[in-house]
Each structure stands twice: as C-alpha cells, then as structure tokens.
Amino acid sequence: MTGRRWATAFAAFVLLASACSADTSSQPDSLATTTTTSVMVPADPDAGVFIANVNMTDAGFDPAILFLPAGRYVRLVLRNRGEEEHHYRVVGLIPAQLRWLRPADLDEDQIESSEEFVGVYEDDVEHVLHHLAPSYVPFKEESPAGIKPIGNEVHGYAATGKIDVVAFYALETGTYEVVDALFPEIKGQIIVFDPRPEGDAGS
C-alpha cells in the first residue's frame, strides 16, 4: 500500500471511530429522544364516554398532562379558576365528531344553585349535564377576547368562573402540545394512548 493510500485509509478509520464514540449529550432534545409511531384507533361508541376534567388557572393547567384513550368519546370539561379568560387549544390533534356545549356560558353557580344538584360532587359533571339536557353544536362562538376556535382542532375557552365542554373522538395516538391562546407561557400536554389489549391492536 502506498503512503498516500495508507494515509487516506487511516484518516477514514479515525473519522469512523470518532463518529461512533461521539458524545450525544449535547445534541438537541429532538435528536436525543426516541420517537414512537402513532397508531390509528377506530372509534368505539359502545365504550362509553370518557370524562376529562381540567382546571384553567392564571398559573397554568391542572393537570398539566392529560391522558386520553384513543377511540373513546371524550368530554373535556374546562373550568376557569383564574381571574382572566383562558383557552385550552390542542395543537396537531385532529378530532372526529367535534362538538361544543351550548350554552357555552354554563357556570358552576347554575349547578350549585339548582335544588336537584344539592350534594352532587362537583366533578360529577356527567350527572349534572344529563339533568340539564344541554345540546352540543359543531361550532364555537368567538370568545370575549376575540378568539374563535376553528372546527378542526380541540379548542375550548371559558371566562372567569365559567365552564366549557368540548366533546370529540381522538383517534390517533401521540403526544400533543396544549397552549393558552391568550397566555403563550401557559402550556400543557395531551397524551393519547391505545387502550386496547396488545393482542387486539391490529384489529
């Protein structure tokens, strides 16, 4: 082997060795984390309604991370416990059969002042809504701050002391960011998981 060929081969070896032993701790998180493939789960209307409660406050969402079963019909109950109008907008999650509660200004005072709900635990929203017989509509009016949710994303809002309910199917698993349209520093996450037994995932 000539000197030039030997030098070229040695340089290639050094580059390969250094690449294999490179420290990945300084890489961006997007490269350091493992991504999982999303799964489409069919809607299961026989599985019953899944109630998810979120408190919106001036400090953030509680809970900050919400876990939803894919394929179940979800009623996302948003309560504004803060002093400002708050929004709960899920980025990237495309819902099926999206509906919003009407009237949108249903508040806890209405529930607590009604005689038939005396003693009802405040998180038993399904019981309350059943008796109030509300209707759900495929649109949402513009908020007092001038923000109008669109019909292809999960986005609810409520003024101080008010409740909003967003109903939908989440059919694609994955992790989705939640933002407050009025307060960008307030963020959360929704994790949609496949609730089916492992053996049924392919059916």
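Predicted model: local features only at pLDDT ≥ 70, side-chain atom pairs only at ≥ 80, totals over all residues.
User: Is strand β4 largely enclosed or exposed?
Analyst: Strand β4 covers residues 73-80. Tyr73, Arg75, Val77 and Arg79 point one way from the strand, and Val74, Leu76, Leu78 and Asn80 point the other way. Because 8 of the 8 residues of β4 are buried, the rest of the structure leaves the strand largely enclosed.

User: Which residue of β4 is the bridge partner of Asn53?
Analyst: Strand β1 (residues 49-56) runs parallel to β4, and 8 bridges join the two. Within β4, the partner of Asn53 is Val77.

User: Which residue in β9 stands opposite Arg75?
Analyst: Strands β4 and β9 pair in the antiparallel sense, over 7 bridges. Arg75 is one of the buried residues of β4. The residue opposite Arg75 in β9 is Ala167.

User: How many residues apart in sequence are the parts tied together by Phe61 and Tyr88?
Analyst: The model holds 2 aromatic pairs. Phe61 and Tyr88 form one that is edge-to-face, with 4.9 Å centre to centre and 70° between the planes. Phe61 lies in strand β2 and Tyr88 in strand β5, so the pair ties together parts whose separation in sequence is 27 residues.

User: Which residue forms a salt bridge with Arg89?
Analyst: Arg89, in strand β5, is tied to a residue in the loop between β7 and β8, 64 residues apart in sequence. The closest N and O atoms are 2.8 Å apart, and the partner is Glu153.

User: Over the face of which residue does Lys140 lie?
Analyst: Lys140 forms a salt bridge with Asp164, with 3.0 Å between the closest N and O atoms. Asp164 and Lys140 are both buried. Lys140 also lies 4.4 Å from a ring centre, over the face of Tyr157.

User: What is the relative accessible area of Lys187?
Analyst: The side chains of Lys187 and Glu177 meet in a salt bridge at 3.4 Å, N to O. This pair links strand β11 to strand β10. Glu177 is partly exposed at 37%, and Lys187 is partly exposed with a relative accessible area of 46%.

How values were computed:
Residues numbered from 1 in each chain as written. Heavy atoms only, no water. Phe/Tyr/Trp six-rings, centres within 6.5 Å; stacked < 30°, edge-to-face > 60°. Helix = DSSP H or I, 4+ residues; strand = E, 2+ residues; numbered from the N terminus. Lys NZ or Arg CZ within 6 Å of the ring centre and 35° of its normal. Buried < 20%, exposed > 50% of the residue type's maximum accessible area, 1.4 Å probe, protein only. Pairing = 2+ DSSP bridges. Salt bridge = Lys/Arg side-chain N within 4 Å of Asp/Glu carboxyl O.
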